[in-house]
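Biologist: I'm new to this one, could you walk me through it?
Modeller: Gladly, let's bring it up first.

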Amino acid sequence: MLGPADCVIWFLATLFEAGVVVCSIRRKAFRRYFFLNLYMLLNVFASVGQLRVLIFYGRSSLEYRYFYFYSEAVLVIVLYFALISLYSRVFQELQAERYVRLGAVLLLAGTAWFSYAVVNQSSARMRTHFVF
């Protein structure tokens, strides 16, 4: 279970992530940095959900493992889009925004294809326990 220091760190991290979204809304910049704010908001929900599942089911349960790994997978994908949107803003001044987006789409498509090929080629056991 979580100790007092773990709870304080979790609470502060979640509070700061929520604070980023609140500050963005107050400054009317939510749409400007949409993917970054979406990542922070989803991270708050994932953190609360992970703690809730951890308390109810325990760290060694299948429920916690599935919730943790699937929520982190979604967060990584949203973080990818957040980083691409920030890179796009940086390279917008250099007129290279289109190349950044094209490279990002190609990289994402290549990663998805490779992941599918590895899982499809593997045994049935890996498919059922792929998340672990």
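This is a predicted model: local features need pLDDT of at least 70, side-chain atom pairs count only at pLDDT 80 or more; totals for chains, interfaces and linings use all residues.

Biologist: Is F16 buried or exposed?

Modeller: F16 is exposed, because its relative accessible area is 55% and the cut-off for exposed is over 50%.

Biologist: OK, how do helix 1 and helix 2 cross?

Modeller: Their axes come within 9 Å, with helix 2 spanning residues 34–57, and they cross at roughly 150°, which means that helix 1 runs roughly antiparallel to helix 2. The crossing of helix 1 past helix 2 is left-handed.

Biologist: What about the loop between those two, where does K28 come in?

Modeller: K28 sits in that loop between helix 1 and helix 2, and it has a positive phi of about 55° although it is not a glycine. Most residues other than glycine have a negative phi. K28 also counts as exposed, at 75% relative accessibility.

Biologist: And what is phi for Q95?

Modeller: Q95, again not a glycine, has a positive phi near 60°. Q95 lies in the loop between helix 3 and helix 4, the latter being 97–121, and Q95 is exposed with a relative accessible area of 67%.

Biologist: Switching to V74, where is that?

Modeller: V74 is in helix 3, residues 62–92, and is partly exposed, with a relative accessible area of 44%. Its C-alpha atom is separated by 21 Å from that of S88, 14 residues apart along the chain.

How values were computed: Residues are numbered from 1 along each chain as its sequence is written. Side-chain values use heavy atoms; hydrogens and water are left out. Buried means under 20% relative accessible area, exposed over 50%, partly exposed in between (1.4 Å probe, protein chains only). Axes are lines fitted to C-alpha atoms, for helices over the stretch in contact, and angles run from 0 to 180 degrees between N-to-C directions. Helices (H or I, at least four residues) and strands (E, at least two) are DSSP runs, numbered from the N terminus. Angles under 35 degrees count as roughly parallel, over 145 as roughly antiparallel, 65 to 115 as roughly perpendicular and the rest as oblique. A crossing is left-handed if the near helix is turned anticlockwise from the far one by less than a right angle, and right-handed if clockwise.
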